[in-house]
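Morning, everyone. I have one structure to go through today, and I will take it piece by piece. Please have a look at it first.

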Amino acid sequence: MMMCGVDEAGRGPMFGPLVIGAVFCEDDSVLQSIGVKDSKKLTAKARERLYDEISDAVPMWVTVPISAEEIDSQMKVKSLNMIELDLFVEAVMKHPADVVYADCPDVNTERFGNIMSTKTDGRRVIAAHKADALYPVVSAASIMAKVTRDRMLDDLRNEFDCDIGSGYPSDKTTVEFIEKWIKENNIAPPHTRTSWEPVKKMLSSKRMTKISDW
């Protein structure tokens, strides 16, 4: 029986991409034996090591990234949960699977699972909160997604040639980077989710400052 685990990395940040990871395997004992666990409970070094080991251990895995600009565009017509669900579907449909374990962002796990099942041609979907801590195949998916996103952020650091932080609103480095950019350029930097409330406030504050300058 082919199983699939699917999870995301970067749902909450106001800067950088959201990345979906999906891992396919017939038996998750191999994943347990190499020590997969929720990516948030692992060091960056451990995630990098497990990324390579998972890649070697499973028959198929995929990542599906979505840029900040595309998230902003889609947020005009659908919720973040539905954006994530559709990306889950895109990742899951890359390879046959009998059962899919999904880390569910929705409060209603049954509804999320049912919609996902319909969109994946009737695959059996088990959607659960904290699935990355419950199912090794979802833990593996979370690791592939997280490492992929971290590498994409490294590329963005090189693009801007400065420290941009983790992208999260709670990260002082990210906040200061975006605030400085807005102050100097009157717009948010590329790869910023301008539909996020903290960014809206920064842009609004800049506009208010310009008016008061008069």
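Which residue in β3 does Gly-21 stand opposite? It is Thr-63. Before I go on: this is a predicted model.

Let me start with the sheet. There are five strands in an open sheet, in the order β3-β2-β1-β4-β5, and the pairing is mixed. At the edges stand β3, residues 60–66, and β5, residues 124–128. Each of these two has a single partner strand, so one side of each is left without a neighbour in the sheet. From one strand to the next, the twist averages 15°.

Now the pairings of β2. With β1 it runs antiparallel, and seven bridges join the two. Met-3 stands opposite Cys-25 in β2, and the bridge partner of Glu-8 in β2 is Ile-20. On the β3 side, β2 is again joined by seven bridges, and these two strands also run antiparallel. The Gly-21 and Thr-63 pair I opened with belongs here.

Is β2 enclosed or open to the outside? Eight of its eight residues are buried, so the strand is largely enclosed by the rest of the structure. As a reminder, in a regular strand the side chains alternate between the two faces of the sheet. In β2, Leu-18, Ile-20, Ala-22 and Phe-24 point one way. Val-19, Gly-21, Val-23 and Cys-25 point the other way, and all of these residues are buried.

The largest one has 42 residues, and the members that touch the most others are Val-6, Phe-15, Val-100 and Met-116. Helix α4 supplies the largest share of this core, eight residues. Take Val-100 as an example. Setting aside neighbours within four places in sequence, Val-100 is in contact with Cys-4, Val-6, Val-92, Met-116, Arg-123, Arg-124, Val-125 and Ile-126.

Next, the aromatic residues. How many aromatic pairs does the structure hold? There are eight. I will show two of them. In one, the ring centres of Phe-15 and Phe-177 are 5.6 Å apart and the planes are at 85°, so this pair is edge-to-face. Phe-15 lies in the loop between β1 and β2, while Phe-177 lies in helix α8, residues 172–185. The pair therefore ties together parts that are 162 residues apart in sequence. Phe-15 has 0% relative accessibility and counts as buried. Phe-177 is buried as well, with a relative accessible area of 9%.

In another pair, Phe-88 and Phe-112 are 6.1 Å centre to centre with 85° between the planes, which is also edge-to-face. Here both partners are in helices: Phe-88 in α4, residues 80–92, and Phe-112 in α5, residues 109–119. This pair ties together parts 24 residues apart in sequence. Both Phe-88 and Phe-112 are buried.

Back to Phe-15 for a moment. Together with Phe-160, Phe-177 and Trp-181, Phe-15 forms one aromatic cluster.

The charged end of Arg-151 sits over the ring of Tyr-51, 4.3 Å from its centre. The charged end of Arg-193 sits over the ring of Trp-196, with 5.0 Å to the centre.

Last, some backbone geometry. Which loop holds Lys-130? It is the loop between β5 and α6, the helix at residues 131–134. The phi of Lys-130 is near 60°, a positive value in a residue other than glycine. Lys-130 is exposed, at 63% relative accessible area. Asp-161 is not a glycine either, and has a positive phi of about 55°. Asp-161 is placed in the loop between α7, residues 136–160, and α8. With a relative accessible area of 69%, Asp-161 is exposed.

That is what I had to show.

Definitions and conventions. Residues are numbered from 1 along each chain as its sequence is written. This is a predicted model: local features need pLDDT of at least 70, side-chain atom pairs count only at pLDDT 80 or more; totals for chains, interfaces and linings use all residues. Side-chain values use heavy atoms; hydrogens and water are left out. Rings of Phe, Tyr and Trp (its six-membered ring) pair if their centres lie within 6.5 Å; planes under 30 degrees apart count as stacked, over 60 as edge-to-face and the rest as tilted. Helices (H or I, at least four residues) and strands (E, at least two) are DSSP runs, numbered from the N terminus. Buried means under 20% relative accessible area, exposed over 50%, partly exposed in between (1.4 Å probe, protein chains only). A charge sits over a ring if NZ of Lys or CZ of Arg is within 6 Å of the ring centre and within 35 degrees of the ring normal. A nonpolar core is a set of buried Ala, Val, Leu, Ile, Met, Phe, Trp, Tyr and Cys residues joined through side-chain atoms within 4.5 Å. Contact means heavy atoms within 4.5 Å. Two strands pair if DSSP finds at least two bridges between them. Axes are lines fitted to C-alpha atoms, for helices over the stretch in contact, and angles run from 0 to 180 degrees between N-to-C directions.
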